[in-house]
Amino acid sequence: MLADWSVAIVIGLASVLWVELVRDVYHLISHAWQPLYRLHAWHHRVFRPDLSVVSDEIYRKAHWYNDVPESLVMLFLSLLPVGIVEGLELSDRGLAWLGAVYTLSFLGGAIARGTGIARADELTDLTHRPGAFKQLPAQWWVNRPYHWRHHFDNQKAYYCGTLTIVDKIAGTALSLKGKRIAVTGASGTLGRALLLQLQKRGAKVIALTSKPQAIVLKDSSSPAKTLVWQAGQESDLAPELEKVDILILNHGINVHDERTPDAIARSYEINAFSQLRLLELFLNTVRTNQEIPTKEVWVNTSEAEVNPAFSPLYELSKRTLGDLVTLRRLDSPCIIRKLILGPFKSNLNPVGVMSANWVAKQILNLAVRDVRNIIVTINPITYLFFPVKELFSSLYFRFFTRSKTPRFNSAFPTQGSVPSETVRSSPKSP
């Protein structure tokens with residue numbers, strides 16, 4: 001009996017998951033196939049950047065042209081799990097209809113909003129409610145900041161409606177196109193590789209380096225925008241950080257077997273304290289509803305957080321950085337990703353076994369799938385130990401520390417902040 005009920009529950013959940021996948025794939029196709037986009041584009045005409053409605057009439061039409069057809073497709077395809085279960089003659093197969101019942105709630109809500117029933121939008125259109133963001137974009141489900149990016153960051157990404165599975169598979173859970181991305185340690189092997197791969201994905205890259213030479217990337221006829229700075233002079237970069245969407249903290253030093261007071265000071269200053277000062281400067285630039293979902297920091301802490309690197313001061317300083325970033329994540333007004341990288345060949349590690357270019361590609365492949373702890377290594381132990389370490393460190397810091405400042409103090413972006421791509425994609429009235 002218990003086994004039968006377990007199978008029935010799995011069937012019911014699978015039917016719900018199926019219709020969610022249908023909805024997200026339908027949405028994705030709507031942006032790729034012009035006949036469907038003519039209907040879907042009404043949805044993109046509705047909202048201002050603060051998610052207030054441009055026109056009640058357009059809002060209602062958008063549901064008849066987009067949400068109702070989408071729900072009908074979901075309802076029709078919800079019969080597929082029913083047919084499969086019936087064909088297999090499984091016991092307790094009534095829950096196979098759960099996906100259809102679930103879909104009827106979306107269809108009913110779309111009809112209610114389309115007919116203008118009072119408060120229907122408040123009860124059934126949760127990802128489009130106006131108001132200041134009080135959460136970061138969620139990782140596994142779609143909340144308001146996550147979906148806001150589909151409207152006002154990049155309409156060719158962030159397609160999902162409830163769960164983010166399709167975006168993760170398609171690599172559309174984070175858009176890099178057009179983003180202003182600054183990389184520290186830009187003259188290093190990984191820094192150059194990251195700049196090159198980011199540029200290939202359509203990002204506007206900024207090289208932050210301690211060396212006076214301009215950074216010229218492979219196959220580029222002109223130097224990348226290069227800013228020269230030194231550890232201890234982080235505040236000089238503050239005006240530039242205001243204009244940056246994603247900051248990648250990648251600079252570091254490895255004193256190898258040294259243990260002098262100077263080696264200790266340099267290791268902690270460059271590998272930890274300098275990065276933390278830049279981190280705080282950048283977090284102070286996150287002020288508006290537009291910046292909460294679109295700004296990010298990526299911090300290269302290395303797998304030295306959990307594994308020996310045979311360079312004690314490198315390990316100690318990187319672990320300090322890693323723990324303090326974990327602590328800071330608890331109150332961060334934007335997403336902070338960690339880069340947990342294994343040994344790649346570079347000036348810091350000439351015996352590294354991985355290619356820096358390959359590592360950079362994997363970092364971006366995981367980032368666009370919204371992985372928050374990006375692990376790239378040949379060491380399987382890191383994939384096991386790091387998530388456990390990060391979980392318990394985060395819980396420990398959460399239970400035994402507290403913040404006295406608000407996490408979010410956002411103001412709405414102005415209407416003029418709508419990207420030109422969004423404006424161009426709006427349809428003409430039929």
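**Salt bridges, a parallel sheet and a nonpolar patch**

R329 and E390 are both buried. Here, buried means under 20% relative accessible area, exposed means over 50%, and partly exposed covers the range in between (1.4 Å probe, protein chains only). The model is predicted, so local features need pLDDT of at least 70 and side-chain atom pairs count only at pLDDT 80 or more, while totals for chains, interfaces and linings use all residues. Residues are numbered from 1 along each chain as its sequence is written, and side-chain values use heavy atoms, with hydrogens and water left out.

The side chains of R329 and E390 form a salt bridge, with N and O 3.0 Å apart. R329 sits in helix α13 and E390 in helix α15 (residues 380-400), so this pair ties together parts of the chain that are 61 residues apart in sequence. A salt bridge is scored when a side-chain nitrogen of Lys or Arg lies within 4 Å of a carboxyl oxygen of Asp or Glu. Helices (H or I, at least four residues) and strands (E, at least two) are DSSP runs, numbered from the N terminus.

A second salt bridge joins K338 to E305, with an N to O distance of 3.2 Å. K338 belongs to strand β6 (residues 335-341), and E305 to the loop between β5 and α13 (312-329). The two lie 33 residues apart, and their pairing links distant parts of the chain. K338 and E305 are both buried. These two pairs belong to one network. Salt bridges link E305, D323, R329, K338, K389 and E390.

Across the whole structure, the search finds 25 salt bridges. One more example is the pair of E242 and R287, whose closest N and O atoms are 2.8 Å apart. E242 lies in the loop between α10 (238-241) and β4, and R287 in the loop between α11 (261-283) and α12 (291-294), so the contact ties together parts that are 45 residues apart in sequence. E242 counts as partly exposed because its relative accessibility is 33%. R287 is also partly exposed, at 41% relative accessible area.

E70 presents another case. This residue is part of helix α3 (residues 56-77). E70 is buried but has no salt bridge. The nearest side chain of opposite charge is R23, 4.7 Å away. For charge, Lys and Arg count as positive and Asp and Glu as negative; His and the chain ends are not counted. E70 touches R23, Y26 and H27, leaving aside residues up to four places away in sequence. Contact means heavy atoms within 4.5 Å.

Strand β4 (residues 246-249) has a partner strand in both β1 and β5. Strand β1 (residues 180-184) runs parallel to β4 and is joined to it by 3 bridges. Strand β5 (residues 296-300) pairs with β4 over 4 bridges, also in the parallel sense. Two strands pair if DSSP finds at least two bridges between them. I246 stands opposite I181 in β1. I246 also stands opposite E296 in β5. In a regular strand, side chains alternate between the two faces of the sheet. In β4, I246 and I248 point one way, and L247 and L249 point the other way. All four of these residues are buried.

Helices α1 (2-32) and α5 (98-115) each supply at least two residues of the patch. The largest share comes from α1, with 3 residues. W97 lies in the loop between α4 (79-88) and α5. W97 is partly exposed, with 42% relative accessible area.

Two residues stand out by backbone angle. Most residues other than glycine have a negative phi. L51 is not a glycine, yet its phi is positive, at about 70°. L51 lies in the loop between α2 (34-44) and α3, and is buried, with a relative accessible area of 2%. H256 likewise has a positive phi, near 55°. H256 lies in the loop between β4 and α11, and is partly exposed at 39%.
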